[in-house]
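Colleague: I should like to learn how to read the features of a protein model. May we take them one at a time?

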Amino acid sequence: MHLILYRPESLITSVVSLTHDERESWRRAFYHGPAFPTMSKILLGNIALKWLRQICSSTRKEIYDSFFVRGPPTEVIQALVPALSQNEGSKEDHNIFCLNIERILVLCLIENKGVCQIVEEFTFSNKQDDGILNPEKSTFISRVAQLLASIPDKATTGAVSALTSSSFFKSVVSQLLVRAEEAVIESSADKDGNEQGVLSPVFLFVGQVLSRISRRGSTGVLVAELIPMIRNHLQRCVASDRKTIIPDMVKNVSQSRFWFNVVESLRDQHSIERLTEEMLRQLASQHISDEEAYWILWTLFNQSIMHMTVMRAMFIDKFLLWKTFPLCCLRWILHYAVFEFPPNSVMETQIQKTSNFIVTVQTLVSVWSKKEFVQSYSVEQQAYVTAAIGLCLENMSKRELEMTKDVLNCILQGVTCKLESPIDLVRKMASAVALTFSKIVDPKNPLYLDDDCSENVDWEFGVLSPKRTKAPSHDVELGSKSKPCSRENRRHAGEKKAKAIRHDISDNRVKIVEIKSLDSDEMSGAATNLGEHCDEESMDIDASSDSSLEPYDLSDDDTDLQKNFTHLSDLAAALRKPDDLNGVERALSSAEKLVRASPDELRHNSGDLVQALVHVRCSDAATEGEEDSAEEKRQKALVALLVTNPFESLDVLTKLLYSSSVDISQRILVIDVMTEAARELAETKIINKQQRYGNLISDTSPSWLVPSDRGPLGASPWREVSEPGSLLSWSHRYEREVPSRSGQVKSGKSRKWGLRKAKDLQVEGSKNKFPLYAAAFMLPVMQGYDKRRHGVDLLNRDFVVLGKLIYMLGVCMKCMAMHPEASALAPALLDMIRSREVSQHAEAYVRRSVLFAASCILIALHPSYVASTLIEGNQDISTGLEWIRTWALQIAEADPDTECTSMAMNCLRLHSEMVLQTSRSLESAEHSKAGSRALSSKLDNIIIPFANMM
């Protein structure tokens with residue numbers, strides 16, 4: 001106190017005369033000691049809440065803000081970030097408190113480049129400690145990184161946009177990478193310092209921050225900042241007189257040391273995987289060249305992949321067998337981790353394949369060849385692994401193929417297994433691998449197993465595109481929109497097994513049949529056109545009468561001597577003569593027309609003709625290249641038999657389905673024919689007879705038939721209209737247009753006058769014959785499907801037949817939707833598809849068919865029927881519908897096949913719609929039956945999916 005009173009000048013002079021080192025020592029003592037946290041609490045608490053709003057902005061910036069801005073960012077973060085979690089009195093005070101802290105954080109870390117200062121601080125402090133990174137310092141660096149990465153999570157809802165995850169992390173990553181790269185350059189220039197020791201805290205901080213940002217779900221932001229910087233670095237590495245990159249070019253640049261170590265510094269394998277995966281996908285979206293992508297991977301991962309076994313396992317095991325990337329990413333992974341040379345390189349044909357390459361090919365092929373791979377992997381994953389094998393085979397020679405162990409046998413086994421699949425894309429994969437393999441063994445004789453195969457295989461298979469987007473399917477159509485008339489595209493069933501069932505989903509209103517509307521105008525127009533066409537033909541005949549004088553061609557031709565079939569018995573006999581191929585061909589050509597003519601003998605000969613058509617070999621009878629035409633004629637003839645004489649034909653067909661005398665192709669033929677016949681029987685034609693205006697009433701009409709001309713001003717003349725009910729009408733109807741009355745709001749333009757009340761102007765007539773025969777279609781084939789007998793094993797070997805059978809049953813349910821027969825047959829079909837052998841089948845093809853059939857059941861059942869069964873206490877339907885819901889949930893959550901998951905979600909939506917309609921029916925029934933107490937409990941048996949989310 002004595003010094004202050006008597007010698008103030010000396011005190012001031014002594015303070016001003018402090019050296020730089022002494023000033024920094026006092027500053028360090030204040031900011032790194034207990035003084036700064038204590039002072040920060042006072043400034044952030046009492047001062048900010050009571051006085052800060054009364055201070056002008058310039059003064060606040062000069063005095064208050066500068067206290068934090070001039071401090072070390074590591075201490076500022078430790079003082080400010082934990083304070084965001086404190087509760088300060090009232091809600092208003094808490095908001096003021098948090099907004100002030102957030103403002104200071106933005107000022108210190110973003111506007112004042114605080115992250116760069118942190119890197120500088122760690123670099124300088126480690127120089128002072130002779131490059132020794134002790135555990136205490138490592139813990140301190142980890143804490144600072146943790147607090148820095150947690151700022152967006154702790155920020156309040158009303159925080160500034162600079163503290164949102166995307167904006168904040170973008171600024172942090174940019175500052176961190178730029179300053180760390182500069183620190184590496186400065187360290188390289190310092191010849192006297194310990195470069196490794198000086199940079200160790202920098203790499204630790206970079207790795208900690210990047211891994212925590214990745215863990216918080218902002219890997220995309222990190223990679224978006226990283227890619228431009230690494231690309232710029234590679235451009236600096238390329239000499240002006242060179243167009244390609246070589247490893248020495250990259251190693252000789254000082255900044256490369258940072259990029260060699262940045263991935264290794266993460267030390268969190270999960271974050272490394274997420275960063276690598278996101279980087280591959282973003283590089284693919286930017287369409288960069290294969291060579292540039294290779295050198296990006298080489299620069300970032302080459303050092304870590306040599307030192308860490310887990311890094312090589314990430315590229316070879318996870319990225320080739322468990323992940324799915326676009327095809328370009330797959331090429332980059334193979335070139336970097338498997339081939340170990342850049343694409344389009346001169347060394348590509350000269351380098352000897354490494355042992356790593358051989359082992360990888362053996363691993364891929366051994367997994368690909370197993371039957372379980374087709375059953376348990378998604379189609380996209382199968383296409384990805386197939387493309388990896390194909391790209392590896394394209395880089396192998398015959399000698400290298402012979403050196404690999406068991407690769408030849410595995411490829412043959414895998415091709416055979418996939419050719420048996422009913423999914424067309426899986427068979428294309430087998431054809432592509434077989435073609436590539438054959439080019440290695442015998443380049444002059446490539447093996448084409450598919451007509452669509454080209455010399456250059458497209459390994460994308462339509463599912464590995466970089467910009468593959470799958471639009472959500474909002475609508476459901478459970479109809480089969482297969483390729484137009486599958487019969488046109490069918491090869492012989494024995495040659496190519498079976499075609500895939502394509503359950504295309506597009507509209508939730510199932511189109512049971514195609515509705516064709518014909519009005520009277522169109523019918524009369526067609527008749528007029530037909531008459532004109534006949535007149536033109538007769539004129540053409542008369543005009544060309546001179547041509548009748550030309551001589552006939554009397555060359556020896558037995559075409560006119562060939563006998564046309566007029567009896568079904570002769571037709572069946574001709575089909576059973578395999579030695580008379582011309583007769584079989586003519587019989588197939590005449591079969592459909594003769595059957596649809598419905599002769600009297602049809603009822604007695606339909607069974608015999610069905611057997612003959614099923615057993616005939618179209619491939620033997622048809623000329624080469626016309627097998628499809630003969631197969632189509634046979635199928636049309638069988639459909640005609642089922643449509644014209646259902647019961648007798650079905651009796652034979654359903655017995656042949658499980659007979660040991662037919663093969664798998666004939667069983668598939670039987671099911672396809674029944675499916676087409678069900679659709680044809682259910683075809684609904686609605687004929688709309690619309691009112692047709694005639695001529696206006698003439699003056700010669702009897703006056704007592706015509707209404708009076710009296711009426712409002714502006715009314716049009718009366719005109720006669722035809723009666724919609726019949727062509728001959730015993731009454732007359734007239735109408736005219738009248739103007740609206742003043743102030744009239746009711747819509748309408750005309751008034752009608754007649755001798756009786758006007759009827760509806762449209763008469764609709766529908767014809768659906770299928771419900772009458774539905775039981776004959778469905779019940780016999782649902783019996784014995786699970787029995788294993790000679791030549792029949794639907795649950796295992798013949799799963800294609802099982803899938804088509806279930807699909808056919810679903811079509812049958814669809815064809816009788818809202819009919820009483822659907823309610824009677826639905827429980828039997830539910831029992832069939834609920835069995836574990838069917839619903840949990842290993843093949844995705846069967847599960848797709850079961851989902852299709854379940855959806856058809858939901859569409860076919862009338863809500864009032866479901867409500868009545870609940871009221872009566874019948875548990876069969878309610879139990880079956882509840883099983884559909886739970887099973888579809890399981891499929892949607894865990895099935896590896898993406899098509900199955902999509903169909904399961906649509907099935908759940910149909911189930912919820914059906915439940916909603918059923919609950920409305922129950923409510924109406926409850927109101928209609930006053931005093932009934934039992935109805936409300938029935939609603940507990942219906943569960944609406946995702947009801948808690950609505």
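Modeller: We begin with a definition: a residue is buried when its relative accessible area is under 20%, exposed when it is over 50%, and partly exposed in between, using a 1.4 Å probe and protein chains only. Helices (H or I, at least four residues) and strands (E, at least two) are DSSP runs numbered from the N terminus. This is a predicted model, in which local features need pLDDT of at least 70 and side-chain atom pairs count only at pLDDT 80 or more, while totals for chains, interfaces and linings use all residues. Residues are numbered from 1 along each chain as its sequence is written, and side-chain values use heavy atoms, with hydrogens and water left out.

Colleague: Which residues of α24 are buried?

Modeller: They are Val407, Cys410, Ile411, Gly414, Val415, Cys417 and Lys418.

Colleague: What covers the buried residues of α24?

Modeller: Contact means heavy atoms within 4.5 Å. The cover includes α20 (355-368), α21 (371-376), α22 (379-394), α23 (398-403) and α25 (424-441).

Colleague: How far apart are the end C-alpha atoms of α24?

Modeller: The expected span of a helix is 1.5 Å times one less than its number of residues. For the 13 residues of α24 (residues 407-419) this gives 18 Å, and the end C-alpha atoms are 18 Å apart, which agrees.

Colleague: How many disulfides does the structure hold?

Modeller: A disulfide is a pair of cysteine sulfur atoms within 2.5 Å. The structure holds zero disulfides. Cys116 is buried because its relative accessible area is 15%, and Cys417 is buried with 14%.

Colleague: How many helices and strands does the protein have?

Modeller: The protein has 44 helices and six strands. Buried residues make up 47% of its 950 residues.
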